[in-house]
Amino acid sequence: MSALSPINVPVPLIVFRKGIAPPDEILYFASNMPLKLIRNPTEDQLQELGRNCLESAEDLAHINAHPYRNVTVENGAQLLDFLRNQGNGGHCFLVSQDGEIVGFINYGSVIPHHRNAFGLVIGKRYTGRGVATTALSQFLSAAPALGIVEINGYCATANAAIIRVMEINGMVRDPSFQEDGTLKFKAN
Ligand SMILES: CC(C)(COP(=O)(O)OP(=O)(O)OC[C@H]1O[C@@H](n2cnc3c(N)ncnc32)[C@H](O)[C@@H]1OP(=O)(O)O)[C@@H](O)C(=O)NCCC(=O)NCCS
């Protein structure tokens, strides 16, 4: 881990822990914001996600503000179960900032014609600090090392925040995708 310095490196660094490939932890350093994506999280880490981001009525209202395809999350347990059972080549990454679980990115083909799609949630109390932007940047950079070759983002048309996060990360809208109330963005 000593090879991780210096801080303030402008591009993501992928760190392979000795003897383990691909990594379970992928580290990214932005100025003053150490952010980590945790692949294959433990049950304790998932429970922390639930406590920090999925517990209160306010947390759920935040997540459900712009329901994707009108699907809403009824409670944290339901969402944690979904993350535990990604299957079909899916991935679940928890977003950790300064050692605290603040959100997640999931990836896979849950909806047949929405293939290779990522989802991104940052808990309400951690929003507005650039966490989602940095987490998506790290995920896009780490994807090839994880064998992920295509990344699409599907979202509600009115979800300005995630649209902005994708655009900042260079993702572009696919105008050929036509579905009422849903937009598709592509990486590369
Ligand atoms: C969307 C979400 C991930 C953004 O997380 P975040 O950590 O607050 O995002 P950031 O701080 O990185 O903000 C990135 C940009 O979005 C902008 N933004 C944030 N909220 C916004 C809003 N409501 N309307 C418009 N722009 C918004 C920010 O101003 C920033 O742009 P800037 O750098 O040009 O100022 C978070 O709000 C969330 O989890 N929402 C609920 C779940 C969801 O809708 N997920 C997406 C569906 S897959």
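User: How many bridges join strand 5 to strand 6, and do these strands run parallel or antiparallel?

Analyst: Two bridges join strand 5 to strand 6, and the strands run parallel. Two strands pair if DSSP finds at least two bridges between them. Helices (H or I, at least four residues) and strands (E, at least two) are DSSP runs, numbered from the N terminus. Across this pairing, Ala117 stands opposite Asn152 in strand 6.

User: What kind of model is this, and how are residues numbered?

Analyst: This is a predicted model, in which local features need pLDDT of at least 70, side-chain atom pairs count only at pLDDT 80 or more, and totals for chains, interfaces and linings use all residues. Residues are numbered from 1 along each chain as its sequence is written.

User: What does the pLDDT average, and where is it below 50?

Analyst: The average pLDDT (the predictor's confidence in each residue, from 0 to 100) is 85, and 82% of the residues score at least 70. Over residues 1-13 the pLDDT is below 50, and this stretch has 15 contacts beyond near neighbours in sequence. Two residues are in contact if their C-beta atoms, placed from the backbone, lie within 7 Å. Residues 15-23 also stay under 50, with ten contacts beyond four places in sequence. Where pLDDT is low, the predicted coordinates should not be read in detail.

User: Which pattern does the protein follow along the sequence?

Analyst: There are five helices and eight strands, in the order β-β-α-α-α-β-β-β-α-β-α-β-β.

User: Back to strand 5. How many of its residues are buried?

Analyst: Five of the six residues of strand 5 are buried. A residue is buried if 20 or more other C-beta atoms lie within 10 Å of its own, exposed if 12 or fewer, and partly exposed in between, with C-beta atoms placed from the backbone. Strand 5 is also joined to strand 4, by six antiparallel bridges; in that pairing Phe104 has Val121 of strand 5 as its bridge partner.

User: Which residues of helix 5 are buried?

Analyst: Ile162, Val165 and Met166 are buried in helix 5. They cover an arc of only 95 degrees around the axis, so they lie on the same side of helix 5; the arc is that of the directions from the helix axis to the C-beta atoms. An α-helix has 3.6 residues a turn, so residues three or four places apart point the same way. Ala160 and Arg164 are exposed on the other side of helix 5.

User: What covers the buried residues of helix 5?

Analyst: The cover includes strand 5, helix 4, strand 6 (152-156) and strand 8 (182-186).

User: Which residues come nearest to the ligand?

Analyst: Of the 22 residues around the ligand, the nearest are Thr127, Ala132, Thr133, Ala160 and Ala161. A residue is near a molecule or strand if its C-beta atom, placed from the backbone, lies within 6 Å of it. Two or more residues come from each of helix 2 (57-63), strand 5 (117-122), helix 4 (131-142) and helix 5 (160-168).

User: Which element gives the most to that shell?

Analyst: Helix 5 does, with five residues.

User: And what about helix 1: which of its residues are buried?

Analyst: In helix 1 (residues 43-53), these are Leu46, Leu49 and Cys53. They fall within an arc of 55 degrees seen down the axis, so they line one face of helix 1. The face turned away from the buried side carries the exposed residues Glu43 and Asp44.
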